[in-house]
Amino acid sequence: MCGIVGYTGRRQAAPILLDSLSRLEYRGYDSAGLAVRNGTALAEVVKATGKLYHLADKTDQGRALAGCCGIGHTRWATHGDPSVVNAHPHVSGNCSGSGSGAVESDVVGVHNGIIENYTELKDKLLRHGYAFYSDTDTEVAVKLVDYYYKKYKIGPVDAITRTMVRIRGSYALALMFKDYPDEIFAARKDSPMIIGTGEEESFLASDVPAILKYTRQVYYIGNLQVARVSPGKVAFFDLNGDENTIPLTEITWDAAAAEKGGYEHFMLKEIHEQPAAVRDTLNSIVKDGKIDLSGTGLTEETVRSVSKIDIVACGSAWHVGMAAQYVIEDLAGIPVRVELASEYRYRKIPMAEKTLVIVISQSGETADSLAALRVAKERGAETLAIVNVIGSTIAREADHVLYTLAGPEIAVATTKAYSAQLIATDVLAVYLALARGTVAEEEAAALLAELAEIPAKIERILEEKARLQWFSSKIANTHDIFFIGRGLDYAISLEGSLKMKEISYIHSEAYAAGELKHGTISLIENNTLVIGVLTQKELYEKTVSNMMECRSRGGYLMGITTNGNFSVEDSVNFTVYIPKSDEHFMASLAVVPLQLLAYYTSVNRGLDVDKPRNLAKSVTVE
Ligand code: G6P
C-alpha cells in the first residue's frame, strides 16, 4: 500500500516525481506529498490531501519546487486519517504544524508499509525529547533514524540498519539526509521497491511502471537491504553495513502497455486485453499442443506425488482459487482446499505430507499472501506461485513460479490478471490430471484445444458489450444485487459480485444458489436484482429453481448462460448468452459480461472506475 518514488540527478526532481507518482496512484490516493532538495538548502516539503492532481496544482505541476533530488509519496491511510498532517513525507525535526514548507530537519522520509511496534518506539523517542506532529508510524520511523544518526554519528547507512533492527513490520523507506544533498537512502523489508539508473541520474519507486519512461535498467533491492542512491550510481548494504552486489535487470516489456491507449478507463482497456492476456499466458505454457511447465521447475515426480493442494490468495485471486478447486478436483482427483491468505497465515492447519501450496497473486506483493507463502514453506510444503509481476517478492520466494502474462494491470479492479490466472490454473489442472493418469492423452488434447479457443470466444463476448451497457443503465440505481450459482458458477458469482460492489458501491453478495433459502432469501424484495450464473448443465435446473424462488418474492432476474444450450428467456427478465466451451473452463467466459456490467454500472453512476474509494490495487499491509 502507498507508493513511493525518488529521483536524484541533473533534472528538476519535482515534475519527474509527480509523473512517477501518477503511475503509482493505484497504490493509494488518500493524500500525496513531495520533498525536494536544492543543493545544500533545506528540504522543501509540500503535501496535499486527496488525489495527486491536488498536489500537482499546489506545486504548479512541480515547477514551484526547485531542486534535483527529491522523494514523493501517494498514501493509502493506515495509521492516522487522510489529512495533510499525516501525509508523507515526514520529517525528523520537532516542528509545529504539519511538517511542510522548508523544514529544519536532518532526516526527511517516505514510507510504504506498517511499523507494528511504533507505539513502543514512539514512547522511547518521547523519552529522548522528540515531539510528534502526526499520528503516523512513518514519523516514528524517520525520527528513530534521526535518533541513531545523531547518537552514534555513524552515517546514514548505519543509522538506517540500526533502525531496521528495532522496527517490526514491513516497510519500504526512502530517506534524505540534510548532510547528503544529492543522495537518497532506501531500505526495504517485505514491501516492494526498485531502483533504476540512467546517465548521471537515479530513480526509486515502488514498482517498475513508475519509472519505465525514464529507464529500463533496474535493481531489485533485496529484503533487509539498504541502498545509497546517488546520480547514476547505487550501492547496496546488508544489515551489518557490508556492501552487497545486486545484478542489474533490463526491463524488456513495453511502457505503452501501462497507458490507457484510447480507452476511457484502464479497466475497460484491461477488459479488452483479456484475449491477449489469456492467449499469451496459454502460449507460454502450452507449446505445440503439449503442456510445458519446465519454466516453473515443477518436476513430474512432484506432480505425481502430490496428495493435497492448498490454494491461498486474497480478493479476486482467491476467487480464481475457488474456481480452480472445482477444475482440479474434477479433472485430477486431488483434494483441494482454498483459503484466504489472511486466515491461512494464522491457522494451525496440519500439513499433510506432499502438500503443494499454490499462492495466486497478481502483484506478487500482497502482504497476507506473502506471509501465507512463508508459513507454508516453514511447515515444509512445496510451493508454487502463480504471479503476474516478474521479480516480485512472492515470485522470488516460492519454490516454483508460473508467470501469468497479463502485462501491467493498473485499474484497481482486476480483470485481465484474473483471466490469466484462471487459464494458468486450468492448464495446471490438465497437467496434474495427465501426470496422474486421470485423463488420457486424447482427452487432454481435447481440453487444451478448448482452452486455445477461449481468447476468440472472449472477443465475441466483448463484441456484444452494448447490451450490457444498456442493461447497466437500467440497474444503476439498484440498492442490492445477489449473484447466485452452484459449483463453478458459484465461484464465478463471487467474482461478479466483488467486481460490482468494489466499483459501483452497490451492495452485492454472492451466494451458492442452494444456500439462499437458509436466510438470505429474506432480503429479496420487489425488484431486487438476482443474477444467476448458469453454465453447468447438471446444476442448471437447480439454480433456475432457486431463481424462481426469488422471482416469486419479487426478484428481478438476469441469467447468464450458454448459446443454444439452455433457454432461460421465458423465466428471467434479461438473458446474456455466451459461447459454449468445456464446462470446466466456463469461468473464463461467464466472468466477462459480469466485468462489463460492473464497469458500465460504475460509469453510469458517475464514479471513479479505476480508483474506487478506500481501495488500493496492491495491499502490502496486513
Ligand atoms: C486487492 C485488489 C484485488 C486483488 C487483491 C489481491 O484487493 O484490489 O483486485 O485481487 O488485492 O491482490 P494480488 O496482487 O495478490 O492478486
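Asp288 is exposed, at 83% relative accessibility; exposed means over 50% relative accessible area, buried under 20%, and partly exposed in between, with a 1.4 Å probe and protein chains only. Asp288 sits in the loop between strand S17 (286–287) and strand S18 (290–291). Helices (H or I, at least four residues) and strands (E, at least two) are DSSP runs, numbered from the N terminus. The phi of Asp288 is positive, about 50°, although Asp288 is not a glycine. Most residues other than glycine have a negative phi, and most peptide bonds are trans.

Asp60 also has a positive phi, near 50°. Asp60 is in the loop between H2 and S4 and is partly exposed, at 37% relative accessibility. A cis peptide bond, with omega about 0°, joins His88 and Pro89. Pro89 is in the loop between S4 and strand S5 (90–91).

## Basis of the values

The model is predicted, and local features need pLDDT of at least 70, side-chain atom pairs count only at pLDDT 80 or more, and totals for chains, interfaces and linings use all residues. Residues are numbered from 1 along each chain as its sequence is written, and side-chain values use heavy atoms, with hydrogens and water left out.

## Salt bridges

How many salt bridges does a search of the whole structure find? The search finds 27. A salt bridge is a side-chain nitrogen of Lys or Arg within 4 Å of a carboxyl oxygen of Asp or Glu. Arg63 is exposed, with 60% relative accessibility. Asp19, Arg23 and Lys213 are linked in a network of salt bridges.

Another salt bridge joins Arg228 and Glu183, whose closest N and O atoms are 2.7 Å apart. Arg228 is in strand S13 (residues 225–230) and Glu183 is in the loop between strand S8 (169–177) and strand S9 (184–189), so this pair ties together parts that are 45 residues apart in sequence. Arg228 is partly exposed, at 29%, whereas Glu183 is buried, at 10%. The side chains of Lys416 and Glu273 also form a salt bridge, with 2.7 Å from N to O. Because Lys416 is in helix H13 (residues 416–435) and Glu273 is in the loop between helix H6 (266–272) and helix H7 (274–285), the pair ties together parts that are 143 residues apart in sequence. Lys416 is buried, with a relative accessible area of 2%.

## Helix H1

Helix H1 (residues 13–22) is mostly covered, with eight of its 10 residues buried. Among the buried residues are Ala13, Ile16, Leu17 and Asp19. Asp19 is also part of the salt-bridge network with Arg23 and Lys213. The cover over the buried residues of H1 includes strand S1 (3–8), strand S2 (31–37), helix H2 (52–58), strand S4 (69–75) and strand S11 (201–205).

Thr355 is in strand S21 (residues 355–361) and is buried, at 4% relative accessible area. Apart from residues up to four places away in sequence, Thr355 touches Lys308, Asp310, Ala381 and Glu382; contact means heavy atoms within 4.5 Å.

Val530 is in strand S26 (residues 529–534). Val530 is buried, at 0% relative accessible area. Leaving aside neighbours within four places in sequence, the contacts of Val530 include Phe482, Ile484, Met547 and Tyr556. From C-alpha to C-alpha, Val530 and Gly198 are 55 Å apart in space, and they are 332 residues apart in sequence.

## The ligand

Which residues are the closest to the ligand? They are Ser316, Ser361, Gln362, Ser363 and Thr366, out of 13 residues that surround the ligand; a residue counts as near if one of its heavy atoms lies within 4 Å. By class, this shell has five nonpolar, seven polar and one charged residues. Helix H9 (residues 315–332) gives the largest share of the shell, three residues.

An oxygen atom of the ligand lies 2.5 Å from a polar side-chain atom of Thr366. A side-chain N or O atom of Ser361 is 2.6 Å from an oxygen atom of the ligand. For Val412, a polar backbone atom is 3.5 Å from an oxygen atom of the ligand. The ligand has 390 Å² of accessible area on its own, and the protein covers 89% of this area; accessible areas come from the Shrake-Rupley method with a 1.4 Å probe, and for residues only the protein chains shown count as cover.

How values were computed: A polar contact is a pair of N or O atoms within 3.5 Å; within protein, one must be able to donate a hydrogen and the other to accept it, and residues adjacent in sequence count only if both atoms are side-chain atoms. Ala, Val, Leu, Ile, Met, Phe, Trp, Tyr, Cys and Pro count as nonpolar, Asp, Glu, Lys and Arg as charged, and the others, Gly among them, as polar.
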